[in-house]
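Please read the report below alongside the sequence and the structure.

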Amino acid sequence: TEPFTGCLRSALGDGGAMPSWFWPTAGVILALVAYANFSENDTAVLVAQAYIAAFHMGAVFYHLRLGHHPAVGVAPGLFVVFAFIVATIRTNVLVAFGGILACTAI
């Protein structure tokens, strides 16, 4: 309902920084990523973790760019740590760390 109500954009005070289609699209993709997390295929899980890391690092930078208090970035940053942990379980620390760095640079 975000494109019609503008509730989230109003609460964040972003002044139109995100297009109206972003939040519903992000929700659909995150639902697909949640489903992919339960896959037996390591590649599917790692791609899901890459999206989670990129999406939530984007949220950290988004809040900082809007001038919100730096502590606001802790909540989405926690999901980046979770993505790192899951990637480490599926591969190793070096691959997981490289993936997080690559997703941060996106």
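This is a predicted model: local features need pLDDT of at least 70, side-chain atom pairs count only at pLDDT 80 or more; totals for chains, interfaces and linings use all residues.

Leaving aside residues up to four places away in sequence, His56 is in contact with Pro76, Phe79 and Val80.

When residues up to four places away in sequence are set aside, Phe55 touches Phe22, Ala26 and Leu30. From C-alpha to C-alpha, Phe55 lies 8.7 Å from Pro76, a residue that is 21 positions apart from Phe55 in the sequence.

## Overall fold

The protein chain is built with six helices and zero strands, so that reading along the sequence gives the pattern α-α-α-α-α-α. Taken along the principal axes, the box filled by the C-alpha atoms of the chain is roughly 40 × 25 × 20 Å.

Of the 106 residues in the protein chain, 27% are buried.

Helix H3 runs over residues 22–36 and holds 15 residues; from its first C-alpha to its last it reaches 21 Å, close to the 21 Å expected at 1.5 Å a residue. Its buried residues are Ala26, Val33 and Ala36. Viewed down the axis of H3, these buried residues fall within an arc of 75°, and they therefore line one face of the helix.

Which residues are exposed on the other side of H3? They are Val28, Leu32 and Tyr35. The cover over the buried residues of H3 includes helix H4, which spans 42–65.

## Helix H5 and its two sides

Helix H5 has 17 residues, and the distance from its first C-alpha to its last is 25 Å, close to the 24 Å expected at 1.5 Å a residue. The buried residues of this helix are Pro76, Gly77, Val80, Ala83 and Ala87. Seen down the axis of H5, they fall within an arc of 105°, so that they line one face of the helix.

The face of H5 that is turned away from the buried side carries Val74 and Ile89, both of them exposed. What covers the buried residues of H5 includes H4 and H6.

## The largest pocket

The largest pocket has a volume of about 440 Å³. It is lined by 21 residues, and those that lie nearest its centre are Met18, Phe22, Phe55, Gly58 and Ala59. The elements that contribute two or more residues to this lining are helix H2 (7–12), H3, H4 and helix H6 (93–105).

The largest share of the lining of the largest pocket comes from H4, with nine residues. Sorted by class, the lining of this pocket has 16 nonpolar, four polar and one charged residues.

## The second largest pocket

How much space lies in the second largest pocket? The volume of this pocket is about 150 Å³. Its lining is made of 14 residues, of which Leu46, Ala50, Ala87, Gly99 and Ile100 are the closest to its centre.

Two or more residues of the lining of the second largest pocket are given by each of H4, helix H5 (74–90) and H6, and H6 gives the most, with six residues. By class, this lining has 11 nonpolar, three polar and no charged residues. Ala87, listed with the residues closest to the centre of the second largest pocket, is also one of the buried residues of H5.

Note on methods:
Residues are numbered from 1 along each chain as its sequence is written. Side-chain values use heavy atoms; hydrogens and water are left out. Helices (H or I, at least four residues) and strands (E, at least two) are DSSP runs, numbered from the N terminus. The expected span of a helix is 1.5 Å times one less than its number of residues. Buried means under 20% relative accessible area, exposed over 50%, partly exposed in between (1.4 Å probe, protein chains only). The arc is that of the directions from the helix axis to the C-beta atoms. Contact means heavy atoms within 4.5 Å. On a 1 Å grid over the protein atoms alone, a cavity is a set of points where a 1.4 Å probe fits but cannot get out, and a pocket is an open set with protein on both sides within 12 Å along at least five of seven lines; lining residues have an atom within 4 Å of a point. Grid points are joined across faces, edges and corners, and a volume is the space filled by probe spheres set on the points. Ala, Val, Leu, Ile, Met, Phe, Trp, Tyr, Cys and Pro count as nonpolar, Asp, Glu, Lys and Arg as charged, and the others, Gly among them, as polar.
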